[in-house]
Amino acid sequence: MEMPQAEFDAVDYFVHERGRAPAPPPQLALYLDYGHAGLAEVFPQLLDDLAATAPGVRPVAAGWALSREPSTGTDTWTSDTLDRVMAALRTGRVEMLQISFADAEDRRLSLALDAVPSDPSAGQGVSASSAQLWTPSTAESLLDLIGRQRGLRTAAVTWDRTGLHSSAWELWYDVLPHEMVRHTRDHVRGYYWATLLTAGHLARLPDLRQRAEAADFVVVPLGDGLLVRDPAPITDFDDTRLAAAKQLYRPVLLDRQYICYQGYPLRIIRDPGTAFRRVPPGSPFPQLT
């Protein structure tokens, strides 16, 4: 067995590159995944619920793309924008949608949608975040928002550096949003402070409630699913608890091998041995095989 010349840490390499800006602070992120055609029915309520998490905000811009058509949409939110967005959603062909909210001081809250209209088994993945308007205490409001939604396959709330579109798990394992939505019926987007699991996940986790409670997570019935959360505030969700969540959800995580994530630090528990990469003599970068 050949040992590596060195252990390459791509995150360390990234943050210490010359001229690199300091890592941004963590922020709240909300992940929701709806069934293939479920979002159009609840979308206006979702916009209202998101606006309620940051009083004083309103939609200010939107853009979207439909399959088999050039990108279409509007840069500025006008009186008919919601009608146009809803018409696009009802076609069932929206691949991408992004909406920006702002308050009187132009502090922003953003929502993004990723979908695969050609795949009827795929979900519709929604991400939302705000570095300026959401604080750690907003996490409880986001749990209330999840509880008001209908048609969810899964959902999660996290405190990380990920922002829109991709979760920490997806970034770490290089899983694109349009790929992940094909699997959310019975897989989750990672392991977080709070996660909603529904029928497809629970079939893979028949003893979830018992195992979660034994690991000191709180389990709350929500519709036909279970919302599992850590009882502590989200900023107290440390690496020990993160590792417990990873172990709990392991059967509903996609089977992916870590290759290389080169970016700012994420809330992730590395798989044993996967940080090792063979570094050729005289080179700071590994050979990836």
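Which ring does the charged end of R241 sit over? Some notes on that and on the other aromatic contacts.

1. Ground rules. This is a predicted model, where local features need pLDDT of at least 70, side-chain atom pairs count only at pLDDT 80 or more, and totals for chains, interfaces and linings use all residues. Residues are numbered from 1 along each chain as its sequence is written, and side-chain values use heavy atoms, with hydrogens and water left out.

2. Charges over rings. R241 has its charged end over the ring of F217, 4.4 Å from the centre. R20 lies over the face of F14, at 3.5 Å from the ring centre. (The test: NZ of Lys or CZ of Arg within 6 Å of the ring centre and within 35 degrees of the ring normal.)

3. Aromatic pairs. The structure holds 5 of them. One is W169 with Y173, a tilted pair with 5.0 Å between centres and 40° between planes. (Rings of Phe, Tyr and Trp, the last by its six-membered ring, pair if their centres lie within 6.5 Å; planes under 30 degrees apart are stacked, over 60 edge-to-face, the rest tilted.)

4. Burial. W169 is buried at 2% relative accessible area, and Y173 is buried too, at 7%. (Buried is under 20% relative accessible area, exposed over 50%, partly exposed in between, with a 1.4 Å probe and protein chains only.)

5. The stacked pair. W172 and Y258 have ring centres 4.5 Å apart and planes at 25°, so they count as stacked. W172 is in helix α5 (residues 168-172) and Y258 in the segment after α9 (239-249), so the pair ties together parts 86 residues apart in sequence. (Helices, H or I with at least four residues, and strands, E with at least two, are DSSP runs numbered from the N terminus.) Both W172 and Y258 are buried, and together with Y261 they form one aromatic cluster.
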